[in-house]
Amino acid sequence: MSKWKGALVMNHTNFNEMAGRLMVALDYPGAEEAQELVQALEGIPCYLKVGMQLFYAAGPDFIRELKSKGYSVFLDVKMHDIPNTVRGGAESITRLGVDMFNVHAAGGTIMMRAAREGAEAAIAADPSLQRPEIIAVTQLTSTSLETMNNEIGIPGSVEAAVVRYAGLAQEAGLDGVVASPLEVPAIRAACGSSFHTVTPGIRPAGSGLGDQTRVLTPGEAIARGSHYIVVGRPITGAPNPREAAETILKEMLNA
């Protein structure tokens with residue numbers, strides 16, 4: 001445990017709760033590189049997000065290894081297919097023991113409902129399994145208004161499209177959505193405060209935007225009501241990833 005973290009625990013009894021709201025994106029090409037970051041973060045009870053690149057390279061065994069270390073895992077594979085295929089994928093993912101996974105809201109309510117049914121089927125077959133949170137991707141935080149209107153073909157504002165997708169996800173029985181932190185207040189107003197929001201597009205003050213277009217700082221996102229914030233490159237690309245994660249947690253706690 002770092003000296004900084006020890007001091008933080010003494011001053012903030014909710015450290016573990018707030019750390020559990022920080023999702024660190026393991027955006028690496030393989031398990032070896034990811035393990036270096038996991039080791040650097042040891043003792044910080046954050047969520048770990050495994051995306052497509054790492055999952056395709058390292059596979060289910062890497063997820064099991066993270067779970068054996070006590071981490072909560074968000075498997076970010078963004079399923080978007082016919083309902084039967086998504087149902088089967090959700091069943092397999094639930095058997096893997098992840099804490100959260102996602103689908104694309106653009107697949108519609110029948111597809112999203114199939115994801116929930118797949119998770120429930122896995123638990124019915126093995127009651128020892130936990131029910132993962134299932135969330136729906138609304139609009140990617142890299143999507144600009146111009147792209148959404150002129151290329152994807154969805155009219156209106158980004159916020160209106162996100163809120164509509166959030167309502168469909170709630171109707172399908174999902175637990176929440178992925179959205180920009182900018183849209184969190186509107187989602188909470190439409191779906192209630194218990195409907196979870198997972199917000200990428202988080203950039204600490206002074207960080208570059210990269211390929212993100214709709215962003216806020218960690219403190220701003222928490223203040224707006226984000227349940228979870230997802231941070232990748234500001235931690236993984238930092239000279240000292242642990243220090244970067246601790247700085248972000250300090251800002252979250254002071255929001």
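In which hand do H7 and H9 cross? I looked this up at the outset, and the crossing of H7 and H9 is right-handed, where right-handed means that the near helix is turned clockwise from the far one by less than a right angle, and left-handed that it is turned anticlockwise.

**What I am looking at**

I note that this is a predicted model, in which local features need pLDDT of at least 70 and side-chain atom pairs count only at pLDDT 80 or more, while totals for chains, interfaces and linings use all residues. Residues are numbered from 1 along each chain as its sequence is written, and side-chain values use heavy atoms, with hydrogens and water left out.

I looked up the confidence next, given as pLDDT, the predictor's confidence in each residue from 0 to 100. The protein chain has a mean pLDDT of 91, and 91% of its residues reach 70 or more. Over residues 1-11 pLDDT stays under 50, and for this stretch the model has 15 contacts beyond four places in sequence, a contact meaning heavy atoms within 4.5 Å.

**Helix pairs**

I took helices (H or I, at least four residues) and strands (E, at least two) as DSSP runs, numbered from the N terminus. Two packed helices are described by the angle between their axes and the distance between the axes. The axes here are lines fitted to C-alpha atoms, for helices over the stretch in contact, and the angles run from 0 to 180 degrees between N-to-C directions.

Returning to the opening pair, I found that the axes of H7 (residues 109-125) and H9 (residues 158-171) come within 9 Å and cross at roughly 45°. H7 and H9 are therefore oblique to each other, since angles under 35 degrees count as roughly parallel, over 145 as roughly antiparallel, 65 to 115 as roughly perpendicular and the rest as oblique. Thr-109, Met-112 and Arg-113 on the H7 side meet Leu-168, Ala-169 and Glu-171 on the H9 side.

H9 also packs with H10, their axes coming within 9 Å and crossing at roughly 40°, which makes H9 oblique to H10. This crossing, too, I recorded as right-handed. From H9 the contact includes Val-162, Val-163 and Ala-166, and from H10 it includes Ile-187 and Ala-190.

For H6 (residues 83-96) and H7 I noted an angle of about 35° and axes 7 Å apart. H6 passes H7 in a right-handed crossing, and among the residues in contact are Val-86, Ala-90 and Thr-94 of H6 with Ile-110, Ala-114 and Ala-122 of H7.

**The cores**

In soluble globular proteins, nonpolar side chains tend to be buried together. I counted as a nonpolar core a set of buried Ala, Val, Leu, Ile, Met, Phe, Trp, Tyr and Cys residues joined through side-chain atoms within 4.5 Å. Buried means under 20% relative accessible area, exposed over 50%, and partly exposed in between, with a 1.4 Å probe and protein chains only.

The largest nonpolar core has 67 residues, of which Leu-26, Val-50, Leu-75, Phe-101 and Val-103 touch the most other members. A second, separate core has 11 residues, including Met-23, Phe-74, Tyr-228 and Val-230.

**Single residues**

Is Lys-49 buried or exposed? Lys-49 lies in strand E2 (residues 47-51) and, at 9% relative accessibility, counts as buried. Beyond four places in sequence, I find Lys-49 touching Leu-26, Asp-27, Phe-74, Asp-76 and Val-230, among others.

Ile-134 belongs to strand E5 and is buried, with a relative accessible area of 0%.

Ala-179 sits in the loop between strand E6 (176-178) and helix H10 (184-191), and it counts as buried at 1% relative accessibility. Apart from neighbours within four places in sequence, Ala-179 is in contact with residues including Thr-138, Val-162, Ile-187 and Pro-200.

Asp-126, in the loop between H7 and strand E5 (133-137), is partly exposed, with a relative accessible area of 32%. I noted that 37 Å separates its C-alpha atom from that of Ala-161, 35 residues apart along the chain.

Most residues other than glycine have a negative phi. I recorded Lys-78, not a glycine, with a positive phi of about 50°. Lys-78 is found in strand E3 (residues 72-79) and is partly exposed, at a relative accessible area of 23%.
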